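Visitor: I would like to learn how to read a model such as this one, feature by feature. Could you give me the general idea each time, and then the case at hand?

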Amino acid sequence: MNLFDLSGKVAVVTGGTHGLGMAMAEGLASAGAELAITSTTPSKLEEALNYYHSKGYSATGYLFDVTDELEAAQKVALMLATHGKIDILVNNAGIIKRVPALEMDVADFRKVIDVDLTGPFIMSQLVGKHMIKRQSGKIINICSMMSELGRDNVVAYASAKGGLKMLTKNLATEWAKHNIQVNGIGPGYFATTQTEPIRVDGHPFNDFIISRTPEGRWGNPEDLAGTAIFLASDASRFINGHIIYVDGGILATIGKPANE
């Protein structure tokens, strides 16, 4: 079990103030990691820190935009001065804009790419320099099933998440020789506050997800914790450049026949 022990490790989780990011951050903290959480919203950051502290976890907050290269550099430097090191980086911060491709403004497309792809590159580059000096590190990029599949009205998001998959593979290729493992997690459909309004019997999308998922249910946020701990720990020290899809089996099947 020592392979999964994160005691003494410092984990940076971008956007770790709510939803799946918080679930993964809490998983890392439960395994012993010291958290450094980022957000662009002061109230969300304060609320999240209060929650982590109430659970007895060590957590510090940093308010900045991961797409702002100068600001990100300043805050990463502050993290290193505060914590002394960064062992784990989880690039979780992201946005989605649901608009048909023909109707999407180019500015909105660029914004999604900037947050969901350029932001992880900026953070990986900044933290990667430190990890290379230490000859040790774990980077976990939060991808998506849209890293593999298309869907209506998410052209920018799918483009960014597909790019994030390849960023993961390329960074793994370049940095493996420095004892840095770069992998990704691709969540399926999860029961969060955002999906709560549609997770009701009879709702078309809820029925679609239940029927499309071999396990026949939505994922629970805590279902991601084990994968995050695994990829952040010594248990995954020879795994590099892979995306682990935590999706209840969706990507494993073409789906049920209509007459089944």
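Predicted model: local features only at pLDDT ≥ 70, side-chain atom pairs only at ≥ 80, totals over all residues.

Visitor: Where is threonine 192 found, and which residues does threonine 192 touch?

Guide: Helices (H or I, at least four residues) and strands (E, at least two) are DSSP runs, numbered from the N terminus. Threonine 192 sits in the loop that joins strand E6 (180-187) to helix H6 (204-212). A contact means heavy atoms within 4.5 Å; once residues up to four places away in sequence are set aside, threonine 192 touches Leu20, Arg199 and Pro221.

Visitor: What does the side chain of serine 147 reach?

Guide: A polar contact is a pair of N or O atoms within 3.5 Å; within protein, one atom must be able to donate a hydrogen and the other to accept it, and residues adjacent in sequence count only if both atoms are side-chain atoms. The side chain of serine 147 reaches, at 2.8 Å, the backbone oxygen of lysine 161. Serine 147 lies in the loop between strand E5 (137-142) and helix H5 (155-175), and it counts as buried because its relative accessibility is 7%. Beyond residues up to four places away in sequence, serine 147 touches Lys161, Gly162, Lys165 and Tyr245.

Visitor: With which side chain does the side chain of aspartate 65 make a polar contact?

Guide: The partner is the side chain of threonine 67, at 2.9 Å. Aspartate 65 belongs to the loop between strand E3 (59-63) and helix H3 (69-83), and with 26% relative accessibility it is partly exposed. Apart from neighbours within four places in sequence, aspartate 65 is in contact with Thr40, Glu71 and Ala72.

Visitor: Which residues have the most contacts inside the largest nonpolar core?

Guide: In soluble globular proteins, nonpolar side chains tend to be buried together. A nonpolar core is a set of buried Ala, Val, Leu, Ile, Met, Phe, Trp, Tyr and Cys residues joined through side-chain atoms within 4.5 Å. The largest one here has 31 residues, and Leu28, Leu35, Tyr52 and Ile185 have the most contacts inside it. Helix H1 (19-30) and strand E2 (34-39) are among the elements that each supply at least two residues of this core, and H1 gives the most, with six residues. Apart from this core lies another, of 25 residues, with Tyr62, Leu89, Leu171 and Ala172 among them.

Visitor: How are pockets read, and what is the volume of the largest pocket?

Guide: On a 1 Å grid over the protein atoms alone, a pocket is an open set of points where a 1.4 Å probe fits, with protein on both sides within 12 Å along at least five of seven lines, and lining residues have an atom within 4 Å of a point. Grid points are joined across faces, edges and corners, and a volume is the space filled by probe spheres set on the points. The largest pocket has a volume of about 1,400 Å³, and among its 41 lining residues Gly94, Ile95, Ile96, Tyr157 and Gln194 lie nearest its centre.

Visitor: How many residues of the lining of the largest pocket are nonpolar, polar and charged?

Guide: Ala, Val, Leu, Ile, Met, Phe, Trp, Tyr, Cys and Pro count as nonpolar, Asp, Glu, Lys and Arg as charged, and the others, Gly among them, as polar. The lining of the largest pocket has 18 nonpolar, 17 polar and six charged residues. The second largest pocket holds about 170 Å³ of space; it is lined by 15 residues, of which Lys9, Ser136, Gly137, Lys138 and Asp234 are the closest to its centre.

Visitor: Finally, what is the phi of glutamine 135?

Guide: Most residues other than glycine have a negative phi. Glutamine 135, although not a glycine, has a positive phi of about 55°, and it is found in the loop between helix H4 (106-134) and E5. Asparagine 153, again not a glycine, has a positive phi of about 70°, and its place is in the loop between E5 and H5.

Note on methods
Residues numbered from 1 in each chain as written. Heavy atoms only, no water. Buried < 20%, exposed > 50% of the residue type's maximum accessible area, 1.4 Å probe, protein only.
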